[in-house]
Amino acid sequence: MRRFHIALAVADLTASIEDYSRRLGVTPTAVVPGKYALFRTEQLNFSINEMPARAGQLRHLGFEDDVATGFSSDHDVNGIEWELFSPAGQDAKIPEVYGTNVVWSRRAAE
């Protein structure tokens with residue numbers, strides 16, 4: 001499975017989780033209170049970071065790919081960062097970047 005990845009900055013994480021849960025039809029797979037949330041749908045890997053000064057701005061793009069090894073990042077000709085990672089690679093990266101108080105949904109553990 002290959003999912004397109006979009007990462008956005010948001011003004012308020014809690015309000016954004018409520019809004020995007022409704023829009024995407026799923027609750028977050030992982031939440032780091034006050035910092036980060038990750039949503040996975042059949043087609044999309046969508047993450048948000050609470051960064052009020054950058055609210056609404058693109059952070060980066062990429063792909064979650066079951067056959068990817070490791071976690072890689074580069075920039076396109078327009079300076080946009082693109083990441084490539086497996087689901088397990090991203091799941092391992094979240095506590096590395098945001099700390100160990102990640103709240104995982106039951107779906108992520110299955």
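Helices here are DSSP runs of H or I with at least four residues, strands are E runs of at least two, and both are numbered from the N terminus. On that count, the protein chain has 3 helices and 8 strands. This is a predicted model, where local features need pLDDT of at least 70, side-chain atom pairs count only at pLDDT 80 or more, and totals for chains, interfaces and linings use all residues. Residues are numbered from 1 along each chain as its sequence is written, and side-chain values use heavy atoms, with hydrogens and water left out.

Let's start with the overall layout. Going along the sequence, the pattern reads β-α-β-β-β-β-β-β-α-β-α. The radius of gyration of the protein chain is 13 Å, close to the 13 Å from the globule rule for 110 residues, so the chain is as compact as a globular protein of that length. That radius is taken over C-alpha atoms, and the rule is 2.2 Å times the number of residues to the power 0.38. Along the principal axes, the C-alpha atoms fill a box of roughly 35 × 30 × 25 Å.

Of the 110 residues, 40% count as buried, meaning under 20% relative accessible area, with exposed being over 50% and partly exposed in between (1.4 Å probe, protein chains only). The accessible surface comes to about 6,200 Å², and 54% of it belongs to carbon and sulfur atoms; these areas come from the Shrake-Rupley method with a 1.4 Å probe, and for residues only the protein chains shown count as cover. As for contacts (heavy atoms within 4.5 Å), residues 24 or more positions apart account for 51% of those with a separation of 6 or more.

On to the inside. In soluble globular proteins, nonpolar side chains tend to be buried together. A nonpolar core here is a set of buried Ala, Val, Leu, Ile, Met, Phe, Trp, Tyr and Cys residues joined through side-chain atoms within 4.5 Å. The largest one has 12 residues, including Leu 8, Leu 13, Ile 17, Ala 37, Leu 44 and Ile 48. Strand 1 (2-10), helix 1 (13-24), strand 3 (36-40) and strand 4 each supply at least two residues of this core. Apart from it lies another core, of 7 residues, among them Val 32, Tyr 36, Leu 38 and Ile 94.

Ser 47 is buried, at a relative accessible area of 2%. Beyond residues up to four places away in sequence, Ser 47 touches His 5, Ile 6, Ala 7, Leu 8, Tyr 36, Ala 37 and Leu 38. Ile 48 is in strand 4 too, and counts as buried at 0% relative accessibility. Setting aside residues up to four places away, the contacts of Ile 48 include Leu 8, Leu 13, Ile 17, Tyr 20 and Phe 39. Ala 37 is 11 residues from Ile 48 in sequence, with 5.4 Å between their C-alpha atoms.

Two other serines take us elsewhere. Ser 73 belongs to strand 6 (residues 71-75) and is partly exposed, with a relative accessible area of 42%. Ser 105 lies in the loop between strand 8 (103-104) and helix 3 (106-109). Leaving out neighbours within four places, Ser 105 is in contact with Pro 28 and Thr 29.
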